[in-house]
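Some notes on the model follow, as numbered points. Please read them alongside the coordinates.

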Amino acid sequence: MKHPMLKYMKETGPCGDRLPTILCPGCGAGQVLNYTLHAVDQIIKEDKIAKERFLFISGIGCSSRLTTHYLNFDSAWTLHGRAPAVATGALLANPEFKIILFTGDGDVGAIGGNHFIHVCRRNLDMTILCMNNALYGMTGGQVAPTTPRGDYTTTTPYGNVENSFVLCKLAEVAGASYVARWTTAHPQQAIRSIKHGIRKKGTSFIEILSQCPVHAKKSAVEILRSYKTKTVKAKNAEKGDNRIPIGEFLDIEQPEWFESFQKIIDSFASEERKDQNE
Amino acid sequence: MSNSHMLRPGSYYFQGNEACIEGAIMAGSRVYAGYPITPATEVMEAAARRFPQVGGRFIQMEDEISSACLLIGASWGGAKALTGTSSPGFSLMQEAISFGIISETPFVIVDVQRPGPGQGYITSGQEDVMQARWGHHGEGSLIALAPSSVQEMFDFTILAFNYAEQWRTPVILLADETVGHMRKRLKIPPLGEINIVNRKKPQEMGIRPEDYLPFGGSEVPLMANWGEGYNVNVVGLVHQPDGHVTRYSPELDYQCIDRKLRKIEDNVDKIAKIDTRFMADIEHLIICYGTPSRTALEAVMEAREEKGVPIGYLRLITLWPFPEGMLRKLIPQVDTIFVPEMNLGMMMHPIREALRDKAKRFVSIPSMGTLHSPDLILSKIYEELRK
Amino acid sequence: MKRYEIRIAGFGGQGVVTIGRILGTTISMYEGKNSVNTQSYGPESRGGACRSEVVISDGEIFYPRVRMADILVALSQVALDTYIADLKKGGILIVDPGAVESVPDRKDITIFRVPTMEIAQKVGGVKFQNMIALGALSTQMDWVSQASFERGISEGVPSKTITVNLEAFRKGREYGKNQSEKRKG
């Protein structure tokens, strides 16, 4: 029996099989890909949006490996941290694209931080899916801006002495319209959230805590369990609760970039019509 | 595409930087992204005013890095896109240029050069001419043009887009502060008289999505855009013709990258443009490019008229790919080759390498931070001739 | 006309670049001659040396900058000191005596002292000194019509300021004409 999302993936290519993915056993990124494809599938069916309108763009990192190589969609596997800029370019060429950015906590929180801030500030219409494993996985497990204080990584062999970036708060303050955090252990909520984010006009930032069993040196099952026990729905959290808040943190309506800019373009077009009528 | 705000054919008094944007609009460009930097800011401000008027989109990005990366997305999204910057910003764009080369993405970068290195200053320079060719990490080539007038800022921007589309490559317009800020009458021809080249698409050749090779199939691969049902995968790793990046091997690497290099370098005779004057019976030659060509021409004419010096004039309009073969055909045996540059001698290197046996002496005429005056070039010529 | 070279120099903020641009536009667009206008200035918006040059020709212009000026307009001492040596024999110097302490002793040029800052105060403020200077300069270029100059000004300044700029230009032109008359008489 075939996995229902395989229809969106490249099973084989001229150079042999593309599946299974290169992801390590137990990696959370595969789950996020699955949830995303479910969300996209539902939108295609329910909203009758053409598959051609979807565009997957990624940066560099394990999470970013999931686009061009495996997906049967238009896609780009770009530069470390620069996916938001490439996505902005695609939208400037054609605002009809439904763009999903696959990125990781290092890609979007370190080298890509500035571009991430400004996409949110501009409230450009795209959905940023950040797979947060709180370290740099592809290169062997170095500390990332999201690594908790005190954690041991290959570049913090004596413990991390820095604060951990709360990317959701950054997205909110920078100006995004929809901000949410889930984990790979919350499939239904994640799918609903991603669907909402794609449908919503403006910048949607969805952080998914995603396990890297290899570098966390724990089993995937252990980490998934902790995603259930060490998180709390934000609206249920009481003061002093140290668990990680999850849920939808922000969902507002505000002007989206292209809607605003289009008014400027239209003002010149209507000038033209005035001239022609005179 | 709104046409009523496109400039009607005629004469206009424009600054070079502004003329560049009018050229871009004529070529069909409708996406501009940039970041302010002296002396290129006027390019961006002209785009901010003009692009929305013609139905295009303009965005000021948070830095030059994202400005250049944006061009990649815009190009694959179907648009002709450009950015304008100066030398320090050009350094930041090398990463995107590198990606543009391996992914064979057409876009245009206008570099209004200023002195360097570092912040240097805000006047004129030609210190990026090597960076344009060799600044991106990795192999691969690209095309670079050197305008010397307001008219050429217009004409060569159109040519840059044509080359970008025809050869599926980033193209650099190497201007400088003098030509960027210079004002002169610009002649805009009727749109129908302007030659505009667009990327060749697989749809035009009847090639179906399942058979389409984004990085193969011909010397310059056909280019489908996102949103056309071709499932186009744009990648930056060494790849197969279909974009597949697994099964790396040194053989694959060589084939993949060598084709991209040859695509430009083997076609130098089709791409390179050279202007020559007074080449008959010469004993000396000036080889120049960009704005100093104007001074060089003034100096050559004066040396010939007033002192009877048998000196010729050769201007490189395209700097890269470097037209070694063409130069060797055009240039006879001479005594001295003079190369005026607004740097300490950069194009002198490929010139000397290509023409080593064609001249007894190669003499650099540097001018840092400002355009050469005719007296500077003439005094150097007369000084060398006295030896 | 083979090459006619005009250089205007002063401080940033005096409007040197503006009048160079208007001069270039006027000649290129309304007088049918070729002209190239270049300028150089420092990064400061105010202060700092500033220079605008216009090279005019009936034919093609190659070297776009001034080699030896036919006319030099100097609105500061530094500008005058820097560029006086590059003014041709028989050339014209227009200088604001209020801005310079000493004018170099050159017998081979014609010197017009035009108090641009003083006259500008009567029109609307010292910021119009550049138009006074342009007015005075225009009297030395009788091969360009007043109508052309005024069209260049009208199209080269913000629409709300056209009237006052034209008034300043005319005052400068009037002063320049009087100076010329005095010399002849």
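1. In this predicted model, helices H1(C) and H5(C) cross with right-handed geometry. H1 of chain C spans residues 16-30 and H5 of chain C spans residues 146-156; the two pack at an angle of about 120°, with their axes 9 Å apart. Angles of 65 to 115 degrees would count as roughly perpendicular and those over 145 as roughly antiparallel, and H1(C) and H5(C) are therefore oblique to each other.

2. Which residues make this helix contact? From H1(C) they are Arg21(C), Ile22(C), Thr25(C), Thr26(C) and Tyr30(C). H5(C) contributes Ser148(C), Phe149(C), Arg151(C), Gly152(C), Ile153(C) and Gly156(C). By class, the contact of H1(C) with H5(C) consists of four nonpolar, five polar and two charged residues.

3. Chain C also meets chain B: 16 residues of chain C are in contact with 18 residues of chain B. On the chain C side, H1 and strand E2 (34-41) each supply at least two residues. That side has six nonpolar, seven polar and three charged residues.

4. Met182(B) deserves a separate look. Its place is in the loop between helix H8 (177-181) and strand E8 (183-188) of chain B. Is Met182(B) buried or exposed? The cut-off for a buried residue is 20 or more other C-beta atoms within 10 Å; Met182(B) has 29 and is therefore buried.

5. Leaving aside neighbours within four places in sequence, Met182(B) is in contact with residues of chain B, namely Gln15(B), Gly16(B) and Val150(B), and with Val36(C), Asn37(C), Thr38(C) and Pro64(C) of chain C. Ser149(B) is 33 residues from Met182(B) in sequence, yet their C-alpha atoms are 7.9 Å apart in space.

6. As for the chain pairs, two of them touch, and the most contacts are between chains A and B. Chain A and chain C are joined by no contact, and their closest C-alpha atoms lie 20 Å apart.

7. Within chain B, the domain assignment gives domain 1 (10-193) and domain 2 (273-386). Their C-alpha centres lie 27 Å apart. The contact between them takes 22 residues from domain 1 of chain B and 20 residues from domain 2 of chain B.

8. On the domain 1 side of that contact, helix H6 (129-134), strand E6 (143-145), strand E7 (170-176) and H8 of chain B each supply at least two residues. H6(B) gives the largest share, four residues. By class, the domain 1 side divides into 12 nonpolar, seven polar and three charged residues.

Technical notes
Residues numbered from 1 in each chain as written. Chains lettered and ligands numbered in written order. Predicted model: local features only at pLDDT ≥ 70, side-chain atom pairs only at ≥ 80, totals over all residues. Axes fitted to C-alpha atoms, helices over the stretch in contact; angles between N-to-C directions. Parallel < 35°, antiparallel > 145°, perpendicular 65-115°, else oblique. Left-handed = near helix turned anticlockwise from the far one by under 90°. Contact = placed C-beta atoms within 7 Å. Nonpolar A, V, L, I, M, F, W, Y, C, P; charged D, E, K, R; others polar. Buried ≥ 20, exposed ≤ 12 C-beta atoms within 10 Å, placed from the backbone. Domains from an automatic or database assignment.
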